[in-house]
Each structure stands twice: as structure tokens, then as C-alpha cells.
Amino acid sequence: MRSELFIDGKWTQAAAQRSFDVVNPATEEVIHKVAAGTAEDIDAAVSAARRAFDHDGWSKTSGAERGRYLRAIANGIRRRQTELARLEVIDNGKPFPEAEWDVGDAAGCFEFYASLAEQLDNQFEERLELPDARFTSKVVKEPVGVAGAIIPWNYPLLMAAWKAAPALAAGCTMVLKPSELTPLTALELAAIADEAGLPPGVLNVVTGLGSEAGQGLTEHPGVDKLAFTGSVPTGSKVMAAAARDIKRVSLELGGKSPFIVFEDADIEQAVEWIMFGIFWNQGQVCSATSRVLVQETLYPSLMARLTEETRKITIGNGLDEGVLLGPLVSEKQYQQVTSAVASAREAGATVVAGGKRPDSLTTGYYLEPTILTDVPLEIAAWTEEIFGPVVCIRPFGDEAEAIALANDSRFGLAAAVMSKDDGRAERVAASLRAGIVWINCSQPTFTEAPWGGYKQSGIGRELGRWGLENYLETKQITKYATDAPWGWYIKD
Ligand code: NAD
């Protein structure tokens, strides 16, 4: 396990000589200490990224060349898939098969952007037909510059890939600040990039606290673009810092995503997608469908089956065989989620399943998968992101009521609808104010498709070609293509 910062192609101690603890959430043990970078280290990293962008030629490399580096990084990730997945489990707590899945997706993300980088060499150049034939004009795309990326702890390696792969593909250089709760795999990514021969300064990783390294990155004048994934309050700070010197900014923030299940849905399928939508990764998923709306005619039978299946979920250390639900990421997260459940109960909600630590697990930040009903619409459990394995379920009468309830949120990241009636499913999908809508499923995510939210869930889109656009500027080059005088004034 690595513990130093990766700046300008070298492993270095934090300038302040401080470190922070990395805790395994399944055992509550400190498993490692990692350098606590500060604004001083961020400055060194941004200087290296600036030099790599402005002087050392990364921004002028061909897309094909950048594609080769990205593929080499993808290969490095695949070669170390098991080791990386294991690190992710001891750092974040997620079950090993989910961690393996994330690592495969991270490699796939680098491969996807490798092909987009290759296409950049001959695409994205458009000639414009102007109404004045004396002019010719073309539009080109260029890298935005030095990107500062700040990521959360729920998908540590995958979130790093979602930022680094498109940024490097576009020709940007990057300073990446992983979450202080889960720094291990981002450091390994730096090592893999180094092994792949990535030039010094192109990808720098500075671990540290949000209030120190994170804030230092958002405020650094040498950064051209901030790409942030995390909570709404921090996103708001990032945006405010970006506003000071008009940095480009993209934000992927929280959600309280609805899942509408109509009476004609298959109960067994609905049960599986509802559980997957809120219990995978312990519900610590920005797009988790945490508000489930079930048509009242189906409600009693669906609730019976959902409760039965939820109680069967195997909870434990993510490294153990057969575990579907691991611990929450940290003690703080455990306290936040359990207090959200306690407040909901006090406000009149019914805990139908879970709501407590499993009796057999006295160590680790474990919470049983939890189902809440009778949740008043105005309380935080219904309106705010809980970010844990806690689902709120409510019956609805007709389609109009379901849509109104679903859209009644300050968030708009994702939404799901389940019905055998295609016309209805499509109609409802069109009415949902969210950046991602799933029909007859919840959560499947593809590197090819745009990811991001409406309303307070963020600004901009990651993934697909939209993710690359995040790191590109648009330039017009317009030429006066005649020798004839312009004629602004008449010469004597
Ligand atoms: P967070 O906002 O607490 O932290 C995110 C990152 O920001 C961390 O690296 C942290 O160190 C850093 N940070 C904290 N304060 C900062 C500051 N003042 N300046 C700069 N950086 C600072 O979020 P979290 O608890 O790590 O993650 C959970 C949140 O992330 C949830 O709200 C979740 O919905 C959201 N999320 C969104 C997506 C998405 O794609 N929309 C994906 C994953 C997580």
C-alpha cells in the first residue's frame, strides 16, 4: 500500500510531514497512514501539471498517442484487478464482487476514452458555411488545460477513472484529490500510470483533507477546470471558489431518486430491482433509488415479498464469500445514517425491516438493510439523501400522483419506472425531471451514456462523448480569404 503523494512523476512526502489514518470499516482497525497534503503540495502538483500542459507537450500529443497511454493504463488496471478490488474492500467496505466489478469498469472507462482520443485526431473539426463568402471558418476542439478533480469515497477507483480518463484523452493534465476516507486505489492508479510511461506532471495525485488539499485545489489560480463529485454543500463551495477566477466547473452531486412501480409490474422483478437500487454498495450510491412509489393495488403483496427478501440479505465483511451488504464507509457515516432512521421513526415512520446493527456483528459499521413506510413527505428521510441502505416506500393512486411525488424534490439525478405497458413507461420517463431515467430496472450504468443530474444534482455530464466535452474548449478560426479591401472607411 502506498502512502506518499504522486507529484511530477515522483513519490513525495507531504510538505507538512503529516498523515491521516485509513480505517477498515469492517474491522474498525487503522490499516494504513497516508500523507496529508496541503495547499503547498497542491501548488507543487499544479505547477507540474501546468508545465506538462504548457511546455512539455502533453496538450500537443496526437489523440492516437494519448490513446496508447490510456490503453496501457487500462491494461495495468486489469492485470492488478484482484489486488485493486481487495484494496477497495478494506478501504471502503463494499463486497468483493462489487469491487471487482468497479475495477473492471474503471479499466473499461480508460479503454472507452482511448478510442475517443484516437477519434479526436480527425473528428471535432468542422468547417462552417458563413453567409459572407469572403470568409472561411472552422471550429476546433482543444484541451481546457489543467484540471483539478475532487472525488468521493463510494467508488474510489471508478470515480478517479471517470475523471482522469476523459481529461487525459482530451489532452488535459490533472491534479486528483481522492477522498480522505478512501485514498488507497487512487494512489495505485498513479503507480499504474507511471508504469504505463505517462510523462511526469500529466497525472498528479494529492491525498489529503477536503478543507486543506481539496480547498487548496479549488482556489489555485493555475487550475483551469474543476471536476467535482460529492455532496451538494461541498459542491456549492467548489462552485463558489471556481467563480472567483471563472474556472470551468462540472459538478456531480447528490440525489433522492424515485422509483415508480405500476400495478402491472412483475413482483419478483420489482423486488430485485428495488433491492439492487438501494442496497448495493450499502446504499452509498448517488443515484440510489431511495424513494419507492408503488401503486396501491400492488402495494400489500409487493411489500410482503420485499420485506421477506430484504431480511435474507447476507451482511458481513466484504471479503467473506456470499456477503451482499458490507459495512458503511465510516463511523461518521454510520452515525448519520442511524440518526436519520431514528429521526424518521420519531416523526412517525414505521421501520418495516432493519433499522439496527445486526446482532451478530458487534464490530464494524454495519446496518441492516432498512425499509421505512409512513414517512411524512416533509421530513428529511423523504427529502434528503440518507446515503445508506435505507429505502422509503409509499403507495400512490394514479400516474399523475406518482409523477408529482417523484418530481417533488430539489434533486434530479436519476429516476426509475417499472411497467409492462411500454407506452406508459415511456410517457412517465418523459415527465421525470432527472438526468438519468431507467425503465424496468434501476442503476445499470454504461460508460457510453451521459451521467449527471438536473436541479441540485449537478451541472454538466460525465461519461460518453459528453464526458470528453467537459475537458474541451471550442475555438473558431475564421479567415478573411480574399485580397479585396474590407471597406470600413473610404480612402482618398
Ligand atoms: P463530500 O462532499 O463530503 O466530499 C467529496 C470530496 O470533496 C472529498 O474528496 C472531500 O475531501 C472533498 N472536500 C470536502 N470539503 C471540501 C472543500 N471545502 N473544498 C474542496 N474539496 C472538499 O462527499 P462524500 O461524503 O465524499 O461523498 C458522498 C456524496 O457524493 C453524496 O452526496 C453522493 O450523492 C455524492 N456522489 C455523487 C455522484 C454523482 O455522480 N452524482 C457519485 C458519487 C457520489
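Student: Let us start with D132: what is its relative accessible area?
Tutor: D132 has a relative accessible area of 25%, so it is partly exposed. Buried means under 20% relative accessible area, exposed means over 50%, and partly exposed lies in between, with a 1.4 Å probe and protein chains only.

Student: Where do these values come from?
Tutor: The model is predicted: local features need pLDDT of at least 70, side-chain atom pairs count only at pLDDT 80 or more, and totals for chains, interfaces and linings use all residues. Residues are numbered from 1 along each chain as its sequence is written, and side-chain values use heavy atoms, with hydrogens and water left out.

Student: Which residue forms a salt bridge with D132?
Tutor: That residue is R134, and the closest N and O atoms of the pair are 2.9 Å apart. A salt bridge here is a side-chain nitrogen of Lys or Arg within 4 Å of a carboxyl oxygen of Asp or Glu. R134 is partly exposed, because its relative accessible area is 30%.

Student: How many salt bridges does the structure hold?
Tutor: It holds 30 salt bridges. One of them is between R51 and D56, at 2.8 Å from N to O. R51 has a relative accessible area of 29%, so it counts as partly exposed, and D56 is partly exposed at 48%. There is also a network of salt bridges that links R2, R80, E83, E188 and E195.

Student: And what does K475 meet?
Tutor: The side chain of K475 meets that of E142 in a salt bridge of 3.1 Å, N to O. This pair links distant parts of the chain, 333 residues apart: K475 is in strand β22 and E142 in strand β6 (residues 135-143). Strands (E, at least two residues) and helices (H or I, at least four) are DSSP runs, numbered from the N terminus. K475 is partly exposed at 35% relative accessible area, and E142 likewise counts as partly exposed, at 30%.

Student: Which sheet holds β6 and β22?
Tutor: They belong to an open sheet of three strands, in the order β5-β6-β22, with antiparallel pairing. β5 (126-128) and β22 are at the edges, each with a single partner strand, so one side of each has no neighbour in the sheet. The twist from one strand to the next averages 25°. Two strands pair if DSSP finds at least two bridges between them. For β5 and β6 there are three bridges, in the antiparallel sense, and R127 stands opposite K138 in β6.

Student: Now the other sheet: what is the order of its seven strands?
Tutor: The order is β14-β15-β16-β13-β12-β18-β19, in an open sheet with mixed pairing. Its edge strands are β14 (350-353) and β19 (436-439), each pairing on one side only. Neighbouring strands are turned by 25° against each other on average, direction ignored.

Student: How does β15 pair with β14 and with β16?
Tutor: β15 (residues 370-373) is joined to β14 by three bridges, and these two strands run antiparallel. The bridge partner of T350 in β15 is T373, and V351 stands opposite L372. Three bridges also join β15 to β16, here in parallel, and I371 has V391 as its bridge partner in β16.

Student: Where do the side chains of β15 point?
Tutor: T370 and L372 point one way, I371 and T373 the other way, and all are buried. In a regular strand the side chains alternate between the two faces of the sheet.

Student: Which helices lie across the strands of this sheet?
Tutor: Helix α10 (residues 299-310) lies across β12 (258-261), β13 (291-295), β14, β15 and β16 (390-396), running at about 155° to β15. Helix α14 (residues 422-431) lies across β12, β13, β18 (414-418) and β19, at about 170° to β19. Contact means heavy atoms within 4.5 Å. Axes are lines fitted to C-alpha atoms, for helices over the stretch in contact, and angles run from 0 to 180 degrees between N-to-C directions.

Student: Last topic, the surface: is Y489 buried or exposed?
Tutor: Y489 counts as exposed because its relative accessibility is 54%. Y489 is placed in the segment after β22 (472-480).
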